[in-house]
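Here is a short tour for anyone meeting this structure for the first time. Have a look at the sequence and the model, then read on.

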Amino acid sequence: MEPLTEHRQVNGPVVYGLLRLVKVPAARHAALAASLAEYCRSHELQLSGVFTDRDVSSGPDSAAFTGLLDVLALPDVYGVIAPAMSHLGPKAIAAQRRHRIETVGSRLLLVRRPPHRTPAGLPPRSRSPTQRRECPRSGRRFMRTAMTETTRRFFTARPESIRQARKFVTDALAGWGLHDRAEDIRLCVSELATNALVHGTVADHGFLVKLDADEGEVRLEVHDSRRRLPEVRQAADTDLSGRGLTLVSVLADDWGVLDRTPVGKVVWSCFKAEGGTTS
């Protein structure tokens, strides 16, 4: 394992890097390690070390990968980051390694995501205009189109993060051209982020906001580090707080709570688009 020194302290989830480097110069190695560090810096992740796999003859169980699996079993380790899928090895080995990473409850993060490729001789894949999907828990069915977007950001456990989370969601929706439910989503992220900050974070942890959208639905998720389930309260008229989840249940088409791997929970809410995207 080769430790990296960050230029500034970050409090985000802990990740470990994996590089597959065979007969490459030191400059190439340094550049790839720097790309992992920069990705972690911009996504508020804490890169605790990088494992370099130089042995291509040992199959999926190289010394580097075995060591990586050992540290993934440590508490509070979020996942593995690699420059691209090729750093897990050839296709057969990469598939085995990816499965083993996910089996221990860790996430695999790629700096360069693989592009979608259409097999030769086949027309581009498209969805039928009538193809639909379900929003979890409620069974509501929404139209799904070819356009999909996703973004996420980690926020530290401090009061200013509520405003920053609201701006993050506002900017993302504006960039995607989704305006008709933007105010509802802004209000909900404020409430869910506040709940995560007050009730869902442990020492030196923050919360993660994730936004997924297509032309039929926006899904908002707030991830935190406690398994304690939120409760909808009936606040009295004189109470200054306690109405957050009541507001979410009114504004969102559906909402719910899921366990988060390896620790914590995800509070999600779905918003059916009223008018689709705007140009």
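## The chain at a glance

This is a predicted model, where local features need pLDDT of at least 70, side-chain atom pairs count only at pLDDT 80 or more, and totals for chains, interfaces and linings use all residues. Residues are numbered from 1 along each chain as its sequence is written, and side-chain values use heavy atoms, with hydrogens and water left out.

Of its 279 residues, 43% are buried. Buried means under 20% relative accessible area, exposed means over 50%, and partly exposed is in between (1.4 Å probe, protein chains only). Take the contacts between residues at least 6 apart in sequence: 71% of them join residues at least 24 apart. A contact here means heavy atoms within 4.5 Å.

## How confident is the model?

The average pLDDT over the chain is 76, and 73% of the residues score at least 70. Residues 1–10 have a pLDDT below 50, and this stretch has 21 contacts in the model beyond near neighbours in sequence. pLDDT is the predictor's confidence in each residue, on a scale from 0 to 100. Residues 115–134 also stay under 50, and for them the model has 21 contacts beyond four places in sequence.

## Helices α4 and α5

Two packed helices are described by the angle between their axes and the distance between the axes. For helix α4 (residues 160–176) and helix α5 (residues 182–200), the axes come within 9 Å and cross at roughly 150°. Axes are lines fitted to C-alpha atoms, for helices over the stretch in contact, and angles run from 0 to 180 degrees between N-to-C directions.

So α4 and α5 are roughly antiparallel to each other. Angles over 145 degrees count that way, while those under 35 are roughly parallel, 65 to 115 roughly perpendicular and the rest oblique. Residues of α4 that meet α5 include Ile162, Val169 and Leu173, with Ile185, Val189 and Leu197 among their partners in α5. By class, the contact of α4 with α5 has nine nonpolar, three polar and two charged residues. Nonpolar covers Ala, Val, Leu, Ile, Met, Phe, Trp, Tyr, Cys and Pro; charged covers Asp, Glu, Lys and Arg; the others, Gly among them, are polar.

## Helices α2 and α3

Now for another pair: α2 and helix α3 (residues 91–103) pack at about 15°, with their axes 10 Å apart. That makes the two roughly parallel. Phe65, Leu69 and Leu72 in α2 meet Arg97, Arg100 and Ile101 in α3. This contact of α2 with α3 has four nonpolar, no polar and two charged residues.

Leu69 counts as buried, at 15% relative accessibility. Leu69 and Arg97 are 28 residues apart in sequence, and their C-alpha atoms are 9.6 Å apart in space.

Leu109 lies in strand β4 (residues 107–110) and is buried, with a relative accessible area of 14%. Leaving aside neighbours within four places in sequence, Leu109 is in contact with Val15, Leu45, Tyr78, Val80, Ile81 and Ala82.

Where is Asp76? Look in the loop between α2 (63–72) and β3 (77–82). Most residues other than glycine have a negative phi. Asp76, though not a glycine, has a positive phi of about 65°. Asp76 counts as partly exposed, at 41% relative accessibility.

Key: Helix = DSSP H or I, 4+ residues; strand = E, 2+ residues; numbered from the N terminus.
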